[in-house]
Amino acid sequence: MELIGRTGLWRTLTELTRRPGGRAVLLTGNAGVGKTALLDALADHARARGDRVLRTAGNRSGRMSSLTNLRELLRELPTPHLADLPDRQAAVLRHVLDDPATPQTPATPQTPDTPGGPPPALLRLAVRSALEAASGGAPLLLALDDVDRLDESTYDVLLPVLSSPPDGPVTVVATCREELVPRELGPVTEQVRVGPLDHAAAVELLETSGHHLGGRVRDAVLRAGAGNPLALRELARSAAAGAAVEPVALSGALPVPQVLADVFARDLEGLTDDTRHLLLLAACGESDVQVLLRAAGQPGTAAWEPAEQRRLVSIDGGRVVFRHPLVESHAYFSAPAAQRARAHRALAAALGDRPEQAAWQLAAAATAPDDDLAGHLADVALAQRGSGRPLPAAVLFERAADLSTTPAGRVHRLLDATVTAAGLGRLAWVRDLLARVQDTGGEHRDLRAPHMAAWLETMRGNPRATLEALLQELHQLAADPPEGEPAGADTAADTAADTAADTAAVSSAIATVGLSATYLGDPTSQRATADLLPRAAARWGPALQDSTSFLFARTVSDPDEQVRAAVLAAAFEHGRHGGRGDAAAQLGAAASLLDEQPLAADLLTPPVRAVLSGQAPTIYLSAPNALVWALIDLGRWDEASNVAVANLEATRVNDIPGLRAIAHAQLAVLELLRGHRRGAAATTEQLRGEVPLVPLAHLRLRWAQALAAAADDEHEDAFALLDAALTPHPGTGPGGDVVPQPHGLLVLPDLAAAARRTGRTDRARELLEQVRAPRRGRWRTARQRLRLAAAEALLTPDAEEAATRLGQRASSPQAGTWPVEQAVLLLELAELQHGAHLPGAQETAAAALDAFTRVGAAGWGGRARRLLRATGIQVRPATDDVLAALTPQQEQIARLAAAGLSNRDIGERLYLSPRTVGSHLYRAFPKLGISNRGQLAALLEGATGGP
């Protein structure tokens, strides 16, 4: 394809698409400026190089269809690529394709949360995997023409691909009119503007158009076309047919849309009323020929022939396709508003078996706010959401808000859309909807507004931003007396339903309060939450008080033995009878905060699997973070790595920056605990590109850095790290002006140990009192009591007394629940015993080494070996950690590959695509000096050591 006047732009585009690694490019410009021609040329160029090209184009008639554009893309993929995917991902793609060969089992994955179709998050992951697989043999170009006009479901699935292209040689090039760039794409794509042709290029284009124009006609076309290729071609075609152009040009250069409207108006002249009516109906957003004929009163298919003969439309596979979007726009906007409204209503009647599309047509017919219609759209949206189709539900809720006549109705429906969009993980959409709520004004109170604002900021890594506003709103609602029968409630059942919905909204908001307060560890927020809960219980009764959200918030804000007993009882009932995934996640998080980590891991594992496999709403994506912390504390580091690696991918696919930063931090913590300080430094460096860590994660990362330093006998650095982590710095740093509570208590023994070696025990006592003060006299978990007593023992001046007191704590049966913490205390005890010439140093150090070896804490194992040698025990040197040079993701994948799992099996376990697994192994093998899996297995088999 020859491109005229685009040499520089072509060079820019080809350079962008040749760069290594995935990228997304967005071509913007006015309608008709040549974006599609450039995209087609890029596709031809890629095919000529042997690359694979997947292409689709958006159109107005397909906006409310379900996954139409995605099917068009996927059908160009060779079938074997689907067979290479993990089972659940392959099943969901076959379901989308309506493949007759789709096996009956495994069935399309569904959960109670998503009963009606493929879960959106799972579909996103499956599409990403399929694209990575398709790029295995050759580079892949994903060409998306008119991306703003893709059907909503396809856009939702492809959005993560656009914001973060898959691993491998995958390039995404999309086009869009510059005034219609979707809200999410502006910040995440490389935008290239396609401007008008210069005069010389415009002249060349006319000369190659095949229309011989001379004199003033040619000059008129050039002036009126204003460098727009489509305008130039259409004006040349029209002028060659005898239409006068000079009057238009002599009056001055007109905006291109008006010029083209004049051209297209001439195309419509002489068409029969039936044909013009069919064109109008097709331009109303429906392409099914049979539906259009029903809406038009069955005029017969011959009515399409004049439009086809003039190349205004083509009919392919029973669907109408306009020659160009501007032809479609003109066919629509050239009709009077009343005629357009009648056409939309006729289509709604013809779409009786498709309530979603019918509702959308009715909405388009509305020329003014209409509460009855708004209510109908909201009802359809509720049904769509209930049947597992949250995306069209969110779109319809937003349109229902547009048609609402009162600020209160508008806000209510905007918040329905907000909650639904949040479940899809569409943070930019949530932000825009909340801005619309704020701009609506009027006297309205809906708890979901501050709730969703707080949830959004928490997901974006800033839980403090709106937590206070949400707490204030909850306090105010709890203080208000219950209202009488709600306006519009016709029956007692209506009143009960409204009350239940109100209670559910409060319960959900309280869960967000608990999550934000957990991340912050802020005593002020915890006290405000503790003050709220009894008032809320009195206001909303047992329905709220018995909810897991309420119990979780109690655990965060004011735990005691009664709360612990309630969590254990609720967990027991959940285990007996089952329940919703969100209940298990909340109970698991509560158990973790109560330092019941074994129970927490059991409760959190099922909902985390659902979240990471895309079977639960992304609103639960904080659950994997909670599970990873629990597994780290339990010394189950391989399991923690599995979840953390999968969670990093999930937070990247769903673009949840706050949780993605925590996932990075958790991988760094695991590296540090294993003694891989260099690898941890590289992982920590990646945090510079993320949002700031929430205080809890920041503390855990600093704690792990201090432990790694202490393992290498760098006690000055260890003390400095913990001193900084436990010292509030008002107004600065990610920790803000608080030390996360009660997690600060867990760090104290390691602070005391470093202080003892560096002569800073006075400073350590000062910090201990500072951390203990906010919770003085309050209930503590067994772990917190043990850690506080161990810190006090290590700060005891007399070595013999310190060893006696520390030995009681380190040998406690409860201490074994947290094996790494116990092993560190045992090693500290052994060093005290050795330094004071007390008996038992060798046995204690050997027990610590055994524990470190079991969990894979190479750094601490080395320190234990050094002590044993100092006591006169000969120990075998530790085998070098052969995987220390790998990233956390590469290390975990290498371990699974060495165990005999295939790329497909590893992808199934880690919720990654086989291509991503292969990419990690490809990068890992050279670092290890090997070239295949057999060598990898032999390498790890030989890398075993012990005392």
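Guide: Before we start, a helix here is a DSSP run of H or I with at least four residues, a strand is a run of E with at least two, and both are numbered from the N terminus. This is a predicted model, where local features need pLDDT of at least 70 and side-chain atom pairs count only at pLDDT 80 or more, while totals for chains, interfaces and linings use all residues. Residues are numbered from 1 along each chain as its sequence is written, and side-chain values use heavy atoms, with hydrogens and water left out.

Visitor: How many helices and strands are there in the protein?

Guide: Counting is done on the DSSP runs just described. For this protein, that gives 48 helices and seven strands.

Visitor: Which helix does Ser-641 lie in, and is Ser-641 buried or exposed?

Guide: Ser-641 sits in helix α33, residues 637-653. Buried means under 20% relative accessible area, exposed means over 50%, and partly exposed is in between (1.4 Å probe, protein chains only). Ser-641 has 2% relative accessibility, so Ser-641 counts as buried.

Visitor: And which residues does Ser-641 touch, not counting residues up to four places away in sequence?

Guide: Contact means heavy atoms within 4.5 Å. With residues up to four places away in sequence left out, Ser-641 touches Leu-670, Arg-674 and Gln-892.

Visitor: What share of the 947 residues count as buried?

Guide: The cut-off is the one that put Ser-641, at 2%, among the buried residues. Applied to the 947 residues of the protein, the share that counts as buried is 57%.

Visitor: How far apart in space are Arg-677 and Ala-709, C-alpha to C-alpha?

Guide: Arg-677 belongs to helix α35, residues 677-686, and is partly exposed at 29% relative accessible area. Beyond four places in sequence, the residues Arg-677 touches include Ala-709, along with Asp-712 and Glu-714. Arg-677 and Ala-709 are 32 residues apart in sequence, and their C-alpha distance is 8.7 Å.

Visitor: How do α6 and α7 sit relative to each other, roughly parallel or oblique?

Guide: Axes are lines fitted to C-alpha atoms, for helices over the stretch in contact, and angles run from 0 to 180 degrees between N-to-C directions. Helix α6 (residues 120-134) and helix α7 (residues 152-163) pack at about 55 degrees, with axes 9 Å apart. Under 35 degrees counts as roughly parallel, over 145 as roughly antiparallel, 65 to 115 as roughly perpendicular and the rest as oblique. That makes the arrangement of α6 and α7 oblique.

Visitor: How many residues of the contact of α6 with α7 are charged?

Guide: Among the α6 residues making the contact are Leu-123, Arg-124 and Arg-128, and among those of α7 are Asp-156 and Val-157. Ala, Val, Leu, Ile, Met, Phe, Trp, Tyr, Cys and Pro count as nonpolar, Asp, Glu, Lys and Arg as charged, and the others, Gly among them, as polar. The contact has eight nonpolar and no polar residues, and the charged ones number three.

Visitor: Which two residues form the edge-to-face aromatic pair at 5.0 Å?

Guide: The structure holds two aromatic pairs. Rings of Phe, Tyr and Trp (its six-membered ring) pair if their centres lie within 6.5 Å, with planes under 30 degrees apart counted as stacked, over 60 as edge-to-face and the rest as tilted. The pair at 5.0 Å centre to centre, with 90 degrees between the planes, is formed by Tyr-332 and Phe-333.

Visitor: Where does Asp-146 lie?

Guide: Phi of Asp-146 is near 50 degrees, a positive value in a residue other than glycine. At 12% relative accessibility, Asp-146 counts as buried. Its place is the loop between β3 (140-145) and α7.
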